[in-house]
Amino acid sequence: MELRLACGWVTLLLCALPRLRAAGDLPLCQETDYYFEYTECDSTGSRWRVAIPHRQGSCSGLPEPVRGTDCTFSCEAGEFLEMSSQQCTACAAGSYSLGSGVRFDQWDSIPAGFSSLATYMEPEGSGDESLSCNNSSWTPQGTHLESNRDECTVSLVYAVHLMKQGSVSFDYQYVDNNVFFEFFIQNDQCQEMDQTADQKWIKLTSNGEWGTHTVNLKSGTNILYWRTTGILLGGKPVKPVLLKNIQIEGVAYTSECFPCRPGTFSKTPGSSSCDLCPRNTYSNKGASSCTPCPEAQYSEEGWAECKERPPCSEKDYFQIHTACDSNGKTQVLYRWVEPKVCVEDNVTGAVTLPPSGEKEDCPPCNPGFYTHNSSTCLPCPPGTFSDGITDCQACPAGTEPSLGYEYKWWNILPRNMKTSCFNVGNSKCDDMNGWEVAGDHIRSGIGGSDNDYLILTLRVPGFKLPTSVAGVTASEFGRITFVFETICSADCELYFMMDVNRKSTNVVESWEGTKSRRAYTHIMTKNASVSYTWAFQRTNKPSDVRRYVNDIVKIYSITVTNALDGSASSCHACALVSQESGSSCVPCPAGHFIDKDTNQCQECPPNTFLSGHHIYGEEACQQCGPGSKSNKEHSVCFSDCSFSHTDQNRTLTYDLSALSSVGSIMNGPSFTSKGTKYYHQFNISLCGPEGRKVAVCTDNVTDLSSKDLQSESAALNNYVETFVCQSTIIPADGRGFRTALSSQSISLADTFLGATVESTLDGVSVRPDLFPETSRKLPDINFFYRSPRITASCEHGRSAVITLRCNPEKGERGELTVSSKCPAGTCDGCMFYFLWESSSACPICTEADYHSIEGACKGGMQDTLYVWNEPKLCTKGVSLPEKSSAPCEAVPLWLKVGIGGGAFMAVLLISLTCYFWKKNKRLEYKYSRLVMSANKECELPAADSCALAEGEGEENEDDVVYSNTPSLLGKLKAIASKQGEGESSESVQLKSSQAERWVWG
């Protein structure tokens, strides 16, 4: 195809020449009427040089096409290919060339060939016009390009055709992890080239520092993409990505040299770059030298023009404290900001330098130092200590020096600290001090402009644990604590950053606006060399006018423990080999404390842990919380996945081993103010693995399913390992435009406080209103955690509570949820709550959790069944007994007892009936005898009664004939009355007027 195109192009020109000659009396073409170009390369790697008129039909006699140079031919840097002779020629002064490359370092506008493509991350959005990204683009800022500050995805695109393998390199500044910044390459088929993760995902840089990224390119068409996406999770604007000095190697040739941009020059021919004009000089485009500014004007380095010098003001000078002199005195001096650009003489409104202050006594040396020659502070020798006022003293027997830094007096900058000033867009403050000492504090300097980064750096070569704990597997090697305050009237920001082993600098914490005096502590969990950096910026908006010069930050003290080259301000007890005099210090084994009486190492009691490096005295062994135990080293408390609780005289035992593996929950989605979708993913390590924190959250990974952290570059794997962690997940947008991303990984639980059914533990409380109450009688189990790391928004650190709830319907692993009232897992950003419903959160089954049911007696056998109590609220443990059978009788015992009792009562009733019947007969007999006796012997009618002696007339009882029979009720009453009176005699009252008589016996 290329050969046919080349031949067609040549044929067209050859055919056109006769027609042009025959067209009329056209003048012959001069060299200024045309230019040369190469045709496309054919399949053999050949091409033709042809002449192209600037204006078609303006002249005749164009040079004939000739065979061109080889397609892979290129000139050296500083040269260009002169097309007339097809020879490499040196660039003239005032211009430069890269030979086989091209460089873009002037950004007054976006250069030809570049385009800016803006899209929104959510193509399936609601269609709201407010979500439009039409105004989002990369913006030229003169010396660099600046990315967008919103949530749109903006790509800077450049296509280049390479005739041979080459490379692309660029300088960048990328400081905000709320921006995803990627660089990738596509071919002419819009297929993404193979790239490793560290080639595609750009590393973060320190505030004020530029990084360089280089990627090799293949021959052919390469489409380069610089893509950024901002995530405004808290409504805080993102800090843009900055680009400059894009250089591409591998183009076939350069047919012309590039003129130096204004403010730069190249004084010698054959230059491959242009130099910046010095201060107080300027240059125009294509300059071979710089022109000095008039006396009343000035310029900064690289300026294209000079400006009038302004009158001096209070913003143009600053104060310093002089170093101590031989008499131990210091004083306040005032100095002009260098380089001085203002005018103080004969100008209305100009100010002059204030007079120097009175000499004062120097502040004392910092702890760990002593005064030498009244003017110099030197560190104490090894094995000694000082409070900074007294001379150094040897540590007493049985103690060792507490090494570290303790800076609280600021007469001079300590030897391991340095200060600098940096600005992204200019070099005005490059030679200035970013910070100034001020006696009892160190403060931010004046800088060159309001958006300068004022840098203060402390270098720590490493950490050395005290001898007594040198053998311990430590989780804390040292800590840095500093006390500071900020006084601001604008959007100032203080960054605290850390660079471990000189790899990459990461922002640890930042504070915006005015902050009252406060302390901040960061713990080092690995023994490595580290640089701590404080960067202060008054505003991130560039301006030539100084408005916020009085916005400052003050640091009152900086303390670093266990610093390798530190000095000692005090001594602490150490463990000794023996109690003999002169015995040396020895390390204690893991989990041991120093006995105060003997200075010997002793192991901590069970279920206690050693906090930090304080191991002197048994009180250093702190008790683990409820439901927890310590590991073998007594370094951490953890849950071994077992739990017990006594409720109503019954002990409930739980086996939580099914919940020991890491549990995850991704809530949401949530949306930012502009509608960007994001999720919060939480990973939870509840119990087990001997206290190892196995919940991992990783930043800047493209495959969330990947668990192998070692497979990625260490710089890309910014991850946290803890009990509970959180990551912000940006999902794929569904177009193949990007993959899911993870960012802002934080730890929510570094310390396990304990597990209990109570609602409060160690100041952390459960909020019962967040989750629905359970209808089951079993109590919830609350696991309490804390992360002591203080942040700008959480002054007491973060805390987390995981509530375990028995739910047999959820299975062993169960389900993790967050409250609908706080869908992000937290309502204030500091306290996090989770509910984990699972059958594993039910107690272990015991005999009290089932009951028996007895069947009917059939064929002399009776079955017994066992069933669980409903609802079943237990798991594992004992199993239901098998169905049992036992012999039985047809008539049950109770029935037998009933029949026997009934028979006895029947016999007794019959006996009583017979007795009373016989008794009644005898009484009737006596009555009849009495009546007969009365008729014979007692005929007097006035007589009230007659009586018979006992036993009188008892013969012939059975022959009595009764004329009138009393009722049975009357007889029984008579018998009862007789027995109640207890009389031995019998009497009968006779009334002649009544036909019926009553007998009393």
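This is a predicted model: local features need pLDDT of at least 70, side-chain atom pairs count only at pLDDT 80 or more; totals for chains, interfaces and linings use all residues.
In β2, Val50 is the bridge partner of Glu37. Strands β1 and β2, the latter covering residues 48-53, pair antiparallel over five bridges. They belong to an open sheet of three strands, ordered β1-β2-β3, with antiparallel pairing. β1 (34-38) and β3 (66-67) are the edge strands; each has a single partner, so one side of each has no neighbour in the sheet.

Next, the hairpin. β4, residues 79-82, runs antiparallel to β5, residues 87-90, and four bridges join them. Leu81 sits opposite Cys88 of β5. Four residues lie between the strands, and Gln86 has a positive phi near 55 degrees.

On to the aromatics. The whole structure holds 38 aromatic pairs. In one of them, Phe482 and Phe484, the ring centres are 5.6 Å apart and the planes at 40 degrees, so the pair is tilted. Phe482 is buried, at 0% relative accessible area, and Phe484 is buried at 0% as well. For Trp511 and Tyr520 the centres are 5.3 Å apart and the planes at 80 degrees, so that pair is edge-to-face. Trp511 is buried at 3%, and Tyr520 at 1%. Ring pairs also link a cluster whose members include Phe104, Trp107, Tyr158 and Trp226.

Two lysines sit over tryptophan rings. The charged end of Lys244 is 4.3 Å from the ring centre of Trp210, and Lys872 lies over the face of Trp868 at 4.4 Å from the ring centre.

Last, the surface. Phe904, Met905, Leu908, Leu912, Tyr915 and Phe916 make up a nonpolar patch, together about 590 Å² of accessible area. Met905 belongs to helix α3, residues 893-937.

Methods
Residues are numbered from 1 along each chain as its sequence is written. Side-chain values use heavy atoms; hydrogens and water are left out. Patches are made of residues with over 30% relative accessible area and no salt bridge: like charges are joined within 9 Å, nonpolar side chains (Val, Leu, Ile, Met, Phe, Trp, Tyr) within 5 Å. Accessible areas come from the Shrake-Rupley method with a 1.4 Å probe; for residues, only the protein chains shown count as cover. A salt bridge is a side-chain nitrogen of Lys or Arg within 4 Å of a carboxyl oxygen of Asp or Glu. Helices (H or I, at least four residues) and strands (E, at least two) are DSSP runs, numbered from the N terminus. Two strands pair if DSSP finds at least two bridges between them. Rings of Phe, Tyr and Trp (its six-membered ring) pair if their centres lie within 6.5 Å; planes under 30 degrees apart count as stacked, over 60 as edge-to-face and the rest as tilted. Buried means under 20% relative accessible area, exposed over 50%, partly exposed in between (1.4 Å probe, protein chains only). A charge sits over a ring if NZ of Lys or CZ of Arg is within 6 Å of the ring centre and within 35 degrees of the ring normal.
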